[in-house]
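Colleague: I have some questions about the labels used for this model. Please set each value against its rule.

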Amino acid sequence: MTETTEAKLPPQVKKALIALVVGGIAAILDSTMVTLAIHTLVVKLHSTAGTIQWVTTGFLLAMAVAIPVTGWAERRWGGKRVWMAALVLFVLASVLCATAWNDASLIGFRVLQGFAAGLIFPLMQTLAVRAAGGRVSSRLMAAVSLPIALGPILGPVIGGVILNWLSWRWLFLVNVPVIAAGLLLAWRFLPAGRPGSPAGRGRLDWIGLVLLAPALAGILLGLSQLSENGGIGHAGVLVPLAAGLVLLAAFVAWASRLPGEREPIVDVRLLRVRSLGSASVALFTAGAAMYAGMFLLPLYYQQLRGDSVLDAGLLMIPQGVGALASRFVIGDLVGRFGARAVTIAAFLLTAVSTVPFALAGPDTSLWWLGAVLLVRGLGIGGVLIPPMSIAYRDIQPAGIPHATMNTRIVQQVGASFGTAIVAVALQSLLGHGATGAFQGAFWWAIGITAAAVVPAIALPADRPARHDPAATPVPDQETSNDRTASGVNTV
């Protein structure tokens, strides 16, 4: 294994990253903006909150269903083609959402939009690694995850402005110019993918897809209903959750027993590689910790303090600024202290900076909370990037899409899990008063974040690097001809 001799990303890689970030940010902004519009959509479409909630739920379920398809699609048609097709599908669905005439049509178009987003998010990560020649670094991961940092900053503000002064339909039409720019940049700067694969590896694993797609949808649906249907014993929670877990177990059994010449829709065998397995667990807990807080914070400002949607969005800006700022230093920190140490420190910083919200009331100083959110953003910015860079450490080039899908799936399920836990806590504590309910729910969020330190400790120790310790090159394909078929590098 050779070490990189160039600390900074090459110009062609930077151009590819710009194309990916511009194209991908529309999907991030869309998800944060639409969440703010639930009440507006109920009124404008003459619907109910329970029905309109499917505008968000349907989007998330469709996104989960699409994630497993990305690896096969990239091999079949090439990453660049699939990326541009996904952007076209997303913008088409956005226009259709803007023309929706009732709640059912909007939900249907959002499902189509969610499917496109499910292709976009994993592809963004996979194509970034491809553009970098398989050399994965914290700098690369910080750049490609930039939309995640910008979403909490720009999404609530843009969404609040649109909902205050324009029609809700502009929540979707605003995607058109962004996607147009993303398509132009992708055509110009993304390296051309090479479609096609060896015999036996280009076929879609239909059995795996039929097992995994509804498994993920069932798990996410069950978790999303946990706070609304009276706990885990309710059929609306228990049935989809149990069915999803059974199907997931069946998929793991199926994928683990496929012969070497057959490729599963998502290669879970790669999780036996320590770098990917430990990083996936850390990313599950990172998703839970991040989204537990992201769920509670806007509600705290709106429900406990009585702030408007726009004001709540503006008050959340310090956290986004902190997350964005962390991306400028994370590479140097990982290079100096190692990914494991930075991840542990980031989780602890996030947990400690959430404590003031567990002690806050309706009259707590906004200046104090803004400063706390800035620090919390710095912590949040460090919980994803180091594990993401470690995940690819011992993965062969053929396994890059599978590693991406594994990490994306665990983040998605972790986010739903964390959100469900604090939502249940908040709902169950409301009998003790709004202030006590929010304080208790924030303590649950702190507990989830503190518990995330345990899997972070299990991350592999960083290997010494002579030139750029932040970089982790994916092993050269020539060094492992036999193992390339499964994408596994046994260490």
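Colleague: Why is phenylalanine 357 called buried?

Modeller: Its relative accessibility is 1%. Buried means under 20% relative accessible area, exposed over 50%, partly exposed in between (1.4 Å probe, protein chains only). So phenylalanine 357 counts as buried. Phenylalanine 442, also at 1%, counts as buried too. This is a predicted model: local features need pLDDT of at least 70, side-chain atom pairs count only at pLDDT 80 or more, and totals for chains, interfaces and linings use all residues. Residues are numbered from 1 along each chain as its sequence is written, and side-chain values use heavy atoms, without hydrogens or water.

Colleague: What makes the pair of phenylalanine 357 and phenylalanine 442 tilted?

Modeller: Rings of Phe, Tyr and Trp (its six-membered ring) pair if their centres lie within 6.5 Å; planes under 30 degrees apart count as stacked, over 60 as edge-to-face and the rest as tilted. Here the centres are 5.5 Å apart and the planes at 35°, so the pair is tilted. It links helix H17 (residues 339-358) to helix H20, 85 residues apart. Helices are DSSP runs (H or I, at least four residues), numbered from the N terminus.

Colleague: Why is the pair of tyrosine 300 and phenylalanine 442 called edge-to-face?

Modeller: The planes are at 75°, with 6.3 Å centre to centre. Over 60 counts as edge-to-face. Tyrosine 300 lies in helix H13 (residues 274-304) and phenylalanine 442 in helix H20 (residues 434-451), so the pair ties together parts 142 residues apart in sequence. Tyr300, Tyr301, Phe357, Phe438 and Phe442 form one aromatic cluster.

Conventions: Helix = DSSP H or I, 4+ residues; strand = E, 2+ residues; numbered from the N terminus.
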